[in-house]
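Have the viewer open as you read along.

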Amino acid sequence: MTTEMRLYRVTVIGSNAERQHGKVVNEVTVKVGTKWLTDDRGRRYYRTPSEDANRNPYFQLNTMYCMDYRLYQTEQAAKDYLRQAELRKTLRRAMSNFDFNVPLPVLEKVMDTLKESGCLE
């Protein structure tokens with residue numbers, strides 16, 4: 001007997017699904033089998049969760065070619081994933097811009113924050 005649960009499917013940043021459908025979070029019914037979680041479109045996800053940078057567990061799509069979707073247990077966790085990706089992209093663009101010129105106190109605050117989070121050694 002398979003059980004069902006409600007999870008939140010989110011498009012992975014940079015995937016074909018994101019390019020075609022945008023940054024989307026959908027509540028879906030997932031069937032829990034002995035080996036896989038299967039969403040309402042027949043996509044299979046690993047039953048063992050992974051952990052994202054925000055320490056939120058998610059279920060990864062099982063495919064050889066692309067990772068278009070993730071399943072999160074809460075809608076907020078899915079939105080946190082999208083927000084983090086958006087902020088990382090904005091920061092990369094700002095840093096790669098040649099005229100990136102901010103005051104020293106702001107740069108020191110950014111460096112301190114990065115050191116505290118363990119991003120820098």
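## The largest pocket

The largest pocket has a volume of about 360 Å³. Keep in mind that this is a predicted model. The pocket's lining is made up of Asn54, Asp80, Arg83, Gln84, Leu87, Arg88, Leu91, Arg92, Met95, Leu114, Ser117 and Cys119. By type, the lining residues divide into five nonpolar, three polar and four charged.

Which helix gives the most to this lining? That is H2, with eight residues. Helix H2 (75-96) and helix H3 (104-117) each supply at least two of the lining residues.

## Helix H2

H2 has 22 residues, and from its first C-alpha to its last it reaches 32 Å, close to the 32 Å expected at 1.5 Å a residue.

The buried residues of H2 are Ala77, Ala78, Tyr81, Leu82 and Ala85. Looking down the helix axis, you will find these buried residues within an arc of 145 degrees, so they line one face of H2. They pack against three strands: E1 (3-11), E2 (25-32) and E7 (69-72).

Is Phe59 buried or exposed? Its relative accessibility is 6%, so Phe59 counts as buried.

Leaving aside residues up to four places away in sequence, Phe59 touches Leu7, Leu37, Tyr45, Tyr46, Arg47, Thr48, Pro49, Arg70, Leu71 and Gln73. For a sense of distance, Phe59 and Val30 are 29 residues apart in sequence and 11 Å apart in space, C-alpha to C-alpha.

Conventions: Residues numbered from 1 in each chain as written. Predicted model: local features only at pLDDT ≥ 70, side-chain atom pairs only at ≥ 80, totals over all residues. Heavy atoms only, no water. 1 Å grid on protein atoms, 1.4 Å probe; cavity = no way out; pocket = protein on both sides within 12 Å on 5 of 7 lines; lining within 4 Å. Points joined across faces, edges and corners; volume = space filled by probe spheres on them. Helix = DSSP H or I, 4+ residues; strand = E, 2+ residues; numbered from the N terminus. Nonpolar A, V, L, I, M, F, W, Y, C, P; charged D, E, K, R; others polar. Expected span 1.5 Å × (residues − 1). Buried < 20%, exposed > 50% of the residue type's maximum accessible area, 1.4 Å probe, protein only. Arc of directions from axis to C-beta. Contact = heavy atoms within 4.5 Å.
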